[in-house]
Amino acid sequence: MTSSETAPGRGTAVVIGGGLAGVVAAWALRGFAERIVVVERDRYPEEPAFRAGVPQGRHAHLVLEAGHRALEELMPGINQELTAAGAHRVSTSGDLKWLSSAGWMIDYPARMTFLSCTRPVLDKLVLDRVRTEPSIEFLEGTDVVGLLGSAQAVTGVKLRERGAGRGSERETERDSARDSAHGSAHDSEGSSERGEVRDVPAELVIDASGRSTSVPKWLSELGCRPVPEERVDAGVAYASRLFHRPPGVDFGHQAIYLQTKAPDKPRMGVLLPVEGDRWIVSLAGMRGAEPEPGEEGFTKHLSQLRDPGLSEMLREAEPAGEVRGFLPGPGVRRHYERSSPAGLVAVGDATSTFNPVYGQGVTISLFCAQVLRRTALRHGDIGPATARDARREIAAVSKNAWMMSCAEDVRFAATTGGPTGALIRLQHRYLDRVLHGATRNPEVTAAFHEVLSLVEPPTRLFHPSVVAAVLRG
């Protein structure tokens, strides 16, 4: 059955990008579209493996407590499957040793936990679940090269298969590195050995192509007004490495997080347990304190962290892979809820790209999928009303995470963009008091973790019991 033969609003949905944000978005739309097409430029590996098209996948990832709740709601039983695949359950107290800008956070009866594994394990289990849905099809090794429609409505996409002569891991990594640096994901201009361009009409187009999305450029080609956006750039850079956990070694904590301390200590490090009895260690620095390349740079950055605890944990650990770097680029928040043609919704990093040091990205992608499911249920289809409500609600569910990450980024003088003025300075002073309270008062620590886990809004920190504890401190 073609799109034109279906009931209005129940035709085809096309998802640009088959990463985590894209596949959960496709899953959310099942039952409301006759056909859901996920267009992915790479080819998925048969077993969990790092994929060139997900350059951030080699680095430490957090699915926050709120994210795991969202994932379980979307895919019941998935968290148990992750545990069976080797993911470690880490509580935010007891298991996680956290050095904030104010000092070590106190242990308390933890209510917040997260599952820790490498990104390929998470992606593979989610993908396997999505592939069970007959209405969802995948076009692997295919680029989206443009949009169909007008300034009033997006009505589909233009596709082109990637050439058979391309697609080796080394070539794909070069493409991905170029895209990360220049923002040209899913834009095949200049590439050789490509197939013919073909059109795929759709009632709904989901942009899940990530931080290097080309959709704003394609909208301009349709005559649309520029999408309003905010940009904040702390100049963060990453270096990560996997290690074999030393046998018989027990440090009393599963994970460690050494946070930055503005304005003069812009380096951070995190160690998380992952499947295969390994640790993943990610080091990062804001602009001017970026990790230097290679093993020597990794070791040097370790020695420059605020506390030697992470280095001590790694003293007897054997590397399980090479040092990998990553330059995520600026944080960008695109306000599609203010200006967008009908028939288009952006999810995940395509709508809000965060500084990765705060671990919010995957969870916000899952929130976006929840919104798609909720709005489709409300209207019973994938028509213009569903898209309009989804744009508005996606902006709402990502707002707090964006505000929190930007507020922290601007503490560093080298950050460009972001909020300024008396209000942000007042917020910084109060949060500093909260962090000091979290070093000695379990109630303050619990409230802070609930907010950082996106389970509670920032207003949780202004509950009378928390304010009283902060002021006493």
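Select Thr118 to begin: not counting residues up to four places away in sequence, Thr118 touches Phe50, Leu242, Val274, Glu275 and Arg278, where contact means heavy atoms within 4.5 Å. The model is a predicted one, in which local features need pLDDT of at least 70 and side-chain atom pairs count only at pLDDT 80 or more, while totals for chains, interfaces and linings use all residues. Residues are numbered from 1 along each chain as its sequence is written, and side-chain values use heavy atoms, with hydrogens and water left out.

Thr118 lies in the loop between strand S6 (113–116) and H4; helices (H or I, at least four residues) and strands (E, at least two) are DSSP runs, numbered from the N terminus. With a relative accessible area of 4%, Thr118 is buried. On this scale buried means under 20% relative accessible area, exposed over 50%, and partly exposed in between (1.4 Å probe, protein chains only).

**Helix H4**

Next, select residues 119–130, which form helix H4. This helix of twelve residues reaches 17 Å from its first C-alpha to its last, close to the 16 Å expected at 1.5 Å a residue; the expected span is 1.5 Å times one less than the number of residues. Eleven of the twelve residues of H4 are buried, so the helix is largely enclosed by the rest of the structure. Among the buried residues are Arg119, Asp123, Lys124 and Arg129, together with Val121, Leu122 and Leu125. To see what covers the buried residues of H4, display helix H1 (20–28), helix H2 (65–74), helix H3 (78–84), strand S7 (136–140) and H9, which the cover includes.

**The largest cavity**

A search of the whole structure finds five cavities of 30 Å³ or more. On a 1 Å grid over the protein atoms alone, a cavity is a set of points where a 1.4 Å probe fits but cannot get out, and lining residues have an atom within 4 Å of a point. Grid points are joined across faces, edges and corners, and a volume is the space filled by probe spheres set on the points.

The largest cavity has a volume of about 210 Å³. Select Tyr44, Arg51, Pro120, Asp123 and Lys124, which are the closest to its centre of the 18 residues that line it. H1 and H4 are the elements that give two or more residues to this lining, and H4 gives the most, with five residues.

**Aromatic pairs and charges over rings**

Now select the aromatic side chains. Rings of Phe, Tyr and Trp (its six-membered ring) pair if their centres lie within 6.5 Å; planes under 30 degrees apart count as stacked, over 60 as edge-to-face and the rest as tilted. By this rule the count comes to six aromatic pairs. The ring centres of Trp98 and Tyr257 are 5.2 Å apart and their planes are at 55°, so this pair is tilted. The pair links distant parts of the chain, 159 residues apart: Trp98 in strand S4 (residues 96–100) and Tyr257 in strand S14 (residues 255–258). Trp98 is buried at a relative accessible area of 10%, and Tyr257 is buried at 12%.

Phe354 and Trp402 form another tilted pair, 6.2 Å centre to centre with 55° between the planes. Phe354 lies in the loop between strand S21 (352–353) and helix H9 (361–379), whereas Trp402 lies in helix H10 (residues 384–409), 48 residues apart. Phe354 is buried at 5% relative accessibility, and Trp402 is buried with a relative accessible area of 5%.

Arg30 lies over the face of Trp27, at 4.0 Å from the ring centre, and Lys97 lies over the face of Trp104, at 4.6 Å. A charge sits over a ring if NZ of Lys or CZ of Arg is within 6 Å of the ring centre and within 35 degrees of the ring normal.

Select Leu310 in helix H8 (residues 309–314). Leu310 is buried, with a relative accessible area of 0%. Leaving aside neighbours within four places in sequence, its contacts include Ile256, Leu258, Val270 and Val281. The C-alpha atoms of Leu310 and Val281, 29 residues apart along the chain, are separated by 8.9 Å.

Finally, select Glu337, in the loop between strand S19 (331–334) and strand S20 (344–346). Is Glu337 buried or partly exposed? At 30% relative accessibility, Glu337 counts as partly exposed. Beyond its neighbours within four places in sequence, Glu337 is in contact with Arg391, Arg392 and Ala395.

Conventions
1 Å grid on protein atoms, 1.4 Å probe; cavity = no way out; pocket = protein on both sides within 12 Å on 5 of 7 lines; lining within 4 Å.
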